[in-house]
Amino acid sequence: MKISRSPWLLHYDASSCNGCDIEVLASTTPRFDVERFGIINTGNPKHADIMVVTGGVNAQTKQVVRQLYSQMPDPKVVIAAGICACDGGIFKDCYNISGGVDTVIPVDVYVPGCAVRPEALIDGVVKALAILDEKREAMKNHATCEVHLDKA
Amino acid sequence: MNEIVMTVIAIVAFVIFAPIVGFFLEGYDRVVSAKLQRRQGPPFLQPVYDLIKLFEKQAIVVNNFETALVLGFTIFTIFSGCIFFAGGDILLVFFAFSLADMFLVLAASSANSPYSSLGSQREFIQMMAYEPMTLLTAIGFYMVCGSFNVSDIINQDVPAIVRTPGVFLGYCFILIIKLRKSPFDLSTSHHAHQEMVKGLTQDIAGNVLGILELGEIYEEVFLMAIVALFFITKNPLSYVVGVAASLIIFFIMIVIDNVFPRVKWENMLISSWGVTLALAGSNFLILTMLKIAGI
Amino acid sequence: MPLLFILFFFTLLISVSVYFSRSDALREGIVTVGSIVMMVLDVAFCAWAFGAAGYGDGYLSYFLPETAAVNAFNHVIMAGEIFLFLLITVLSIKHGKWYCILLSFIGTAPVLWLDLTGRAVENAPMLKIDSLTILMFLVVGLVGGLICIYSNGYLHDYHHHHTDVEKRPWFFQSMLFLFLTAMYGLISSDNMSWMFFFWEITSTISFLLIGYTRKEEAVTNSFRALWMNLLGGFGFTVAILYSAFVYQNGSLMELISMSEAKAGIVIPVACLAFAAFTKSAQMPFSRWLLGAMVAPTPSSALLHSATMVKAGVYLLIRISPLMTGNLAGVMVTTIGGFTFFAASLLAISQSDGKKVLAYSTISNLGLITACSGVGEPAATWAAIMLLLFHAVSKSLMFLCVGAVENATGSRDIEDMHGLIVKMPKMAFVMTVAICGMFLAPFGMLVAKWAALKAYIDSNNVLLVIFLVFGSATTMFYWGKWLGKLFAVLHQSETLRDIIHKSEWYVMYMLTALVITLCATFPFLGQIFIQPMLSMEFGVQVGQIISSDDVRVMLMMLIMIALMPVLGLFLLLNRKEKMTMSYMAGANAGDDRHFVDAFGGIRPSYLSNWYMDEMFGEKKILIPSLCVAAAFVVVLMILAIGGAIR
């Protein structure tokens with residue numbers, strides 16, 4: 001069985017304007033029914049397989065993103081949701097913004113948009129699932145977990 | 001000799017088949033909940049996928065002590081279930097279950113994080129809320145059947161529920177707490193992100209969480225088997241009635257879970273103690289009076 | 001029999017010699033050697049008595065003819081009673097508590113009058129040794145001896161920390177031995193006047209030890225303990241008088257064998273039960289035991305949990321055949337059951353370790369009381385088992401709390417957070433003691449289980465309700481204490497072990513005793529308790545807990561014992577990754593601090609739940625005392641009035 005049949009999500013807002021967050025939460029509502037794919041929004045990094053980060057990382061959230069990432073058990077996948085999370089977006093040159101999430105932790109799937117559409121996000125998650133399975137295989141072969149970074 | 005063989009068969013059957021039944025119940029829960037919310041919901045085998053995934057994952061622990069305690073929970077849960085299905089003393093079964101629960105709560109306490117601590121304290125309150133009712137359930141069976149042994153209880157002519165309706169309803173009430181269903185899912189919950197995050201299971205991750213979930217599945221089967229026990233008699237057909245009753249009660253639990261919001265601990269404690277006293281207590285009183293009167 | 005006298009006078013001798021050895025080294029030496037010799041003598045006596053009494057189904061009773069020695073001893077007792085009275089009088093005048101003189105007078109004077117005017121019944125057996133006595137001797141001797149050894153190291157540290165307390169360890173330890181002497185006397189006597197004398201000695205010693213620090217609070221509390229116990233002593237006196245005048249009988253054993261032949265038997269039984277309530281701190285007389293916690297820990301462990309308060313329930317167990325189906329029995333079961341439940345509720349709201357222990361002692365004594373009041377063999381069996389398990393586990397708990405207090409400067413449960421990291425050995429010992437108090441398959445639970453069955457069989461609905469609710473609350477307050485011990489603190493170091501070696505030996509011995517008791521209780525029941533009950537109740541008492549269940553419980557015990565091995569196995573081939581606990585991603589690195597919105601580091605701590613608004617002392621203490629007082633008054637009147645009519 002592939003472990004991608006049961007992906008549990010962790011959603012973190014690293015200085016987003018909340019536009020993407022609303023869309024992320026919207027996509028986990030019954031209307032879109034992501035539980036069809038076994039997806040559950042856990043809110044607990046220790047139970048999560050997929051981390052969805054919105055917003056560019058700023059000075060305050062940098063440590064938090066790192067800590068949450070380190071508390072997730074392998075194999076794990078990171079999705080940058082929204083253009084700010086992908087590369088900083090309109091805040092890119094702001095004094096307190098590091099840029100995209102990938103300036104802090106390795107990102108596997110980039111889902112652009114301002115704000116990101118639920119359909120796009122679900123598509124991104126489904127793409128992430130494939131990477132999750134690959135990472136699991138790699139883990140079995142004692143290889144490193146950072147397989148490849150895929151641009152969606 | 002024959003008796004020992006039967007006991008061994010019962011224990012082996014429990015250990016092997018209980019997860020299958022448990023997965024069925026969990027899948028049923030997930031799908032029915034989805035239907036109640038007018039969505040398609042996960043595949044029926046989703047709980048199996050979840051558990052397999054958990055075992056495939058790396059273990060992340062905050063200390064090794066916690067792992068040992070979680071293992072203790074699962075081992076003692078299965079052990080207590082075995083006593084039950086081997087026809088042992090039902091009071092002893094409940095005592096063994098509270099030992100298993102204690103292992104779980106201590107695992108959460110040992111993690112020493114705010115959310116785990118919160119979860120463990122709330123779980124203690126939950127235990128305090130349901131403990132009187134579980135003991136009264138065992139006492140109810142004893143009053144009706146004259147024995148605490150499950151093997152004697154299932155050899156009755158008349159189902160226990162005829163004389164213990166109050167105890168039955170009281171048991172169903174605390175079943176909401178035991179199955180971690182809203183409105184009494186104070187310590188941890190199967191639902192999404194909430195104020196205490198995951199509470200009790202906050203710092204239990206990866207395959208250690210898998211071990212815990214397995215234990216909970218065994219516990220669930222045992223709890224539903226008690227529901228069936230109220231209906232079981234000598235007659236083999238009564239087993240069908242018992243299973244049907246468990247399924248109906250389980251369905252009602254799912255509906256309650258979806259309808260009610262979580263309550264405060266005071267409400268849970270007072271309501272469950274009140275229900276215990278009013279339903280099971282009065283039932284017990286009546287049974288005692290009947291016994292004194294010699295009926 | 002000479003062994004009994006050797007034991008008795010040896011302990012008395014130690015007491016006297018400890019009092020007069022003012023050098024620390026000498027005193028501690030005498031205490032250690034004396035305790036060890038005393039324990040050996042105690043075990044030797046028990047072994048002899050066990051053999052002589054015929055493997056448990058017989059008993060030894062001694063008539064002690066009117067020889068010069070016995071007469072002399074009778075005179076000594078009379079002199080002792082006068083001395084106690086004078087002592088209480090002097091101290092009461094000194095502290096202005098006049099009412100104690102009156103209480104002491106109405107308790108002592110009638111008994112003295114009985115003796116002096118020759119109205120005391122003669123030719124009664126003076127001593128009686130049966131298997132219950134043997135068990136009590138084992139508890140008093142072994143637990144008592146161990147606690148005396150422990151008190152050496154404890155007092156040393158105690159006076160090191162409490163420089164404001166006048167240093168009188170010789171007095172303290174001498175009183176401990178004197179108390180043990182009195183206890184030996186109390187449990188081996190059958191003559192009620194003798195029992196009463198020893199009973200009063202234990203009350204007085206308890207009073208003296210509570211007032212050990214001579215601080216204002218201690219003095220107030222000690223007088224509260226005194227007047228309540230003296231009031232109980234008065235109940236005892238009435239029982240003695242009634243028995244002497246109505247039945248021409250001074251022997252407890254004969255009183256019991258009268259059974260229901262005489263309707264008036266309820267009167268002495270109710271009076272004795274009343275005395276037992278005060279001694280065993282049953283509600284409404286529970287407050288003195290809380291106050292007694294100001295005394296140094298060894299006295300709390302010995303007097304106020306393991307032995308003295310057990311004297312009350314011991315008496316109740318003795319007279320339990322007389323309580324079958326009468327109003328005295330109803331009174332005892334109601335008060336006991338109510339105390340069990342109410343005290344366990346009160347324990348929830350306490351965070352001071354010793355106060356929790358005090359409430360839990362009251363609560364457990366309530367359970368024992370309730371069991372003995374049922375007056376059925378199975379319930380009395382449970383009462384005896386509870387008494388044994390409780391004595392060992394609770395004294396161990398007290399010693400642990402005392403040692404923690406000396407090592408860390410606090411006995412608050414919140415300060416025991418993470419003890420498993422700071423003092424791993426202590427956490428282990430405490431865990432065994434706590435589990436022994438409430439968890440399957442350990443001792444207390446077995447007895448509770450037997451009690452539950454006995455209550456159901458005797459159709460006692462109220463008691464069953466008290467028991468099931470009381471078990472739940474008991475589980476809560478012990479569980480949360482365990483949870484505090486088990487919290488694993490990150491980046492925390494083991495504290496330096498400043499607990500004396502002798503204290504450790506004592507705690508390990510008691511731990512071993514708890515585990516041994518758990519593993520051997522079926523044999524204990526078979527050899528000691530069931531034969532004795534069969535004789536006392538005149539029916540054949542079989543196994544109380546079926547052998548199948550015992551086997552399952554032994555399996556559980558073995559599985560728990562194997563848990564650490566399993567844990568070790570897990571540690572050896574571990575692949576898991578160790579991380580910090582989840583604190584919303586803002587864990588500052590040690591699980592106890594987080595990074596706030598301004599980048600500063602703040603501490604975070606979650607205390608246990610005490611539910612003060614629901615179960616606080618302010619909320620339920622006074623109402624429950626009132627309810628219990630009403631129960632006692634009404635039921636006493638009903639029982640005695642009914643008997644007179």
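This is a predicted model: local features need pLDDT of at least 70, side-chain atom pairs count only at pLDDT 80 or more; totals for chains, interfaces and linings use all residues.
Residues are numbered from 1 along each chain as its sequence is written, and chains are lettered from A and ligands numbered from 1 in the order in which they are written.

Let's start with chain A. Chain A has four helices and seven strands, where helices (H or I, at least four residues) and strands (E, at least two) are DSSP runs numbered from the N terminus. Along the sequence they come in the order β-α-β-β-β-α-β-α-β-β-α. The C-alpha trace spans about 45 × 35 × 25 Å along its principal axes. A compact globule of 152 residues would have a radius of gyration near 15 Å, and the 14 Å of chain A agrees with that; the radius is taken over C-alpha atoms, and the globule rule is 2.2 Å times the number of residues to the power 0.38. Of those 152 residues, 54% count as buried, meaning that 20 or more other C-beta atoms, placed from the backbone, lie within 10 Å of the residue's own.

Now for the neighbours. Chain A puts 20 residues in contact with 26 residues of chain B; contact here means C-beta atoms, placed from the backbone, within 7 Å. On chain A's side of it there are five nonpolar, eight polar and seven charged residues. Ala, Val, Leu, Ile, Met, Phe, Trp, Tyr, Cys and Pro count as nonpolar, Asp, Glu, Lys and Arg as charged, and the others, Gly among them, as polar.

Chain B also meets chain C, with 54 residues from chain B and 49 from chain C. On chain B's side, α5(B) gives the largest share, 16 residues. By class, that side has 32 nonpolar, 18 polar and four charged residues. Have a look at β1(B) too: this strand and β3(C) pair in the parallel sense over two bridges (pairing takes at least two DSSP bridges). Val61(B) has Met578(C) as its bridge partner there.

Finally, step inside chain C. Helices α16 (residues 377–408) and α18 (residues 424–438) of chain C pack at an angle of about 150°, with their axes 9 Å apart. Axes are lines fitted to C-alpha atoms, for helices over the stretch in contact, and angles run from 0 to 180 degrees between N-to-C directions. The residues of this contact include Phe389(C) of α16(C) and Met426(C) of α18(C), and they divide into eleven nonpolar, two polar and no charged.

How values were computed:
Two residues are in contact if their C-beta atoms, placed from the backbone, lie within 7 Å. A residue is buried if 20 or more other C-beta atoms lie within 10 Å of its own, exposed if 12 or fewer, and partly exposed in between; C-beta atoms are placed from the backbone.
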